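Colleague: Please take a close look at a single part of this model. I would like one connected account of a residue and what surrounds that residue.

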Amino acid sequence: MIDEFLAHGLPDVEEAVRKAAAIEIMPRFRQLAEHEVDEKNGPHDLVTVADRKAEEYLTAALTRLLPGSAVVGEEAVHADPGVYAALRADAPVWIVDPVDGTRQFVNGDPAFCTLVALALRGEILASWTFAPALDELATAVRGQGAYVNGERIHSGSPEPGAALRVAIAHPLYTSDENKRTLARLDVPGVAARPCGSAGLEYLKVARGEMDGLAFTWPSAWDHAAGLLLVAEAGGTQSTVDGVPFRVDRDNALPFAVGRDEATTVRIRELLRGA
């Protein structure tokens with residue numbers, strides 16, 4: 001069933017992602033009323049009516065396209081953490097972040113995106129990263145490459161001798177312990193900065209506009225689409241214990257993402273304090 005869907009159903013997913021943005025997200029961009037923005041776990045962890053409505057739209061559309069599939073969406077998991085267990089089940093699962101970069105969205109910054117990935121037993125099979133305000137759609141299918149607006153992209157390798165450009169977990173969302181670990185990247189030869197939308201940071205690595213990433217949190221909806229996109233563009237990733245990050249298990253954190261294997265290893269070893 002999955003092979004048949006991957007062969008013929010992907011254009012319908014793209015249409016659903018675009019429609020969710022057109023109907024539920026973009027009409028609210030720079031138009032949000034105060035009562036349409038709420039806090040979840042603190043003043044920096046925001047959710048808007050656009051997040052909720054877009055996830056509802058995608059949940060209905062994606063499960064209709066692939067009967068028997070489940071959805072693990074950021075807002076659904078916030079309401080019921082048990083939803084996350086679908087990642088470890090045998091049914092295909094859609095991993096959805098309706099508005100990745102909600103803080104940017106609320107502030108009127110166009111650097112946000114909708115993230116959708118299709119997984120089966122922990123393997124990411126296809127992904128969509130759609131930045132509607134930037135008119136960019138990045139897609140990847142396992143074994144078939146990574147594309148932006150239909151053009152293939154490659155991550156390449158950093159310039160020899162140049163400082164590695166690394167986006168790291170934003171200090172607003174990290175613990176003191178996380179901050180101490182990420183501070184290990186404050187060394188000569190590494191130029192680290194706080195990340196914005198995780199999905200768009202992954203896209204920058206896949207395009208070779210950033211050299212690497214270092215993340216301290218495991219939420220599948222932030223990472224699934226981007227991990228496949230980077231992998232299909234030629235990049236790699238690794239947790240601090242030397243194995244790949246997976247959405248269907250507990251992972252040693254933080255984890256590193258790089259344009260190439262050497263970059264990933266360098267970031268990982270710095271994070272380990274090696």
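Modeller: This is a predicted model. Start with Thr-129. Leaving out residues up to four places away in sequence, Thr-129 touches Cys-113, Thr-114, Leu-115, Glu-136, Leu-137, Ala-138, Gly-199, Leu-200, Ala-225 and Leu-229. Thr-129 sits in strand 6. Its relative accessibility is 2%, so Thr-129 counts as buried, the cut-off being under 20%.

Now the sheet around that strand. In general, strands of a sheet pair through backbone hydrogen bonds, either parallel or antiparallel. Strand 3 pairs with strand 4 (residues 93-100) in the parallel sense, over 4 bridges. In strand 4, Ile-95 stands opposite Val-72.

The axes of helix 2 (residues 10-25) and helix 3 (residues 49-65) come within 9 Å and cross at roughly 155 degrees. That angle is over 145, so helix 2 is roughly antiparallel to helix 3. The crossing is right-handed. On the helix 2 side, the contact is made by Asp-12, Val-13, Ala-16, Val-17, Lys-19, Ala-20, Ile-23, Glu-24 and Ile-25. Helix 3 supplies Ala-50, Lys-53, Ala-54, Tyr-57, Leu-58, Ala-61, Leu-62 and Leu-65. By class, this contact has 13 nonpolar, no polar and 4 charged residues.

Leu-58 is worth a separate look. Leu-58 lies in helix 3. Its relative accessibility is 0%, so Leu-58 counts as buried. Setting aside neighbours within four places in sequence, Leu-58 is in contact with Ala-16, Val-17, Ala-20, Thr-63, Val-96, Thr-114 and Val-116. Thr-114 is also among the residues that Thr-129 touches. Along the chain, Leu-58 and Pro-244 are 186 residues apart, and their C-alpha atoms are separated by 28 Å.

Key. Residues numbered from 1 in each chain as written. Predicted model: local features only at pLDDT ≥ 70, side-chain atom pairs only at ≥ 80, totals over all residues. Heavy atoms only, no water. Axes fitted to C-alpha atoms, helices over the stretch in contact; angles between N-to-C directions. Helix = DSSP H or I, 4+ residues; strand = E, 2+ residues; numbered from the N terminus. Parallel < 35°, antiparallel > 145°, perpendicular 65-115°, else oblique. Left-handed = near helix turned anticlockwise from the far one by under 90°. Contact = heavy atoms within 4.5 Å. Nonpolar A, V, L, I, M, F, W, Y, C, P; charged D, E, K, R; others polar. Pairing = 2+ DSSP bridges. Buried < 20%, exposed > 50% of the residue type's maximum accessible area, 1.4 Å probe, protein only.
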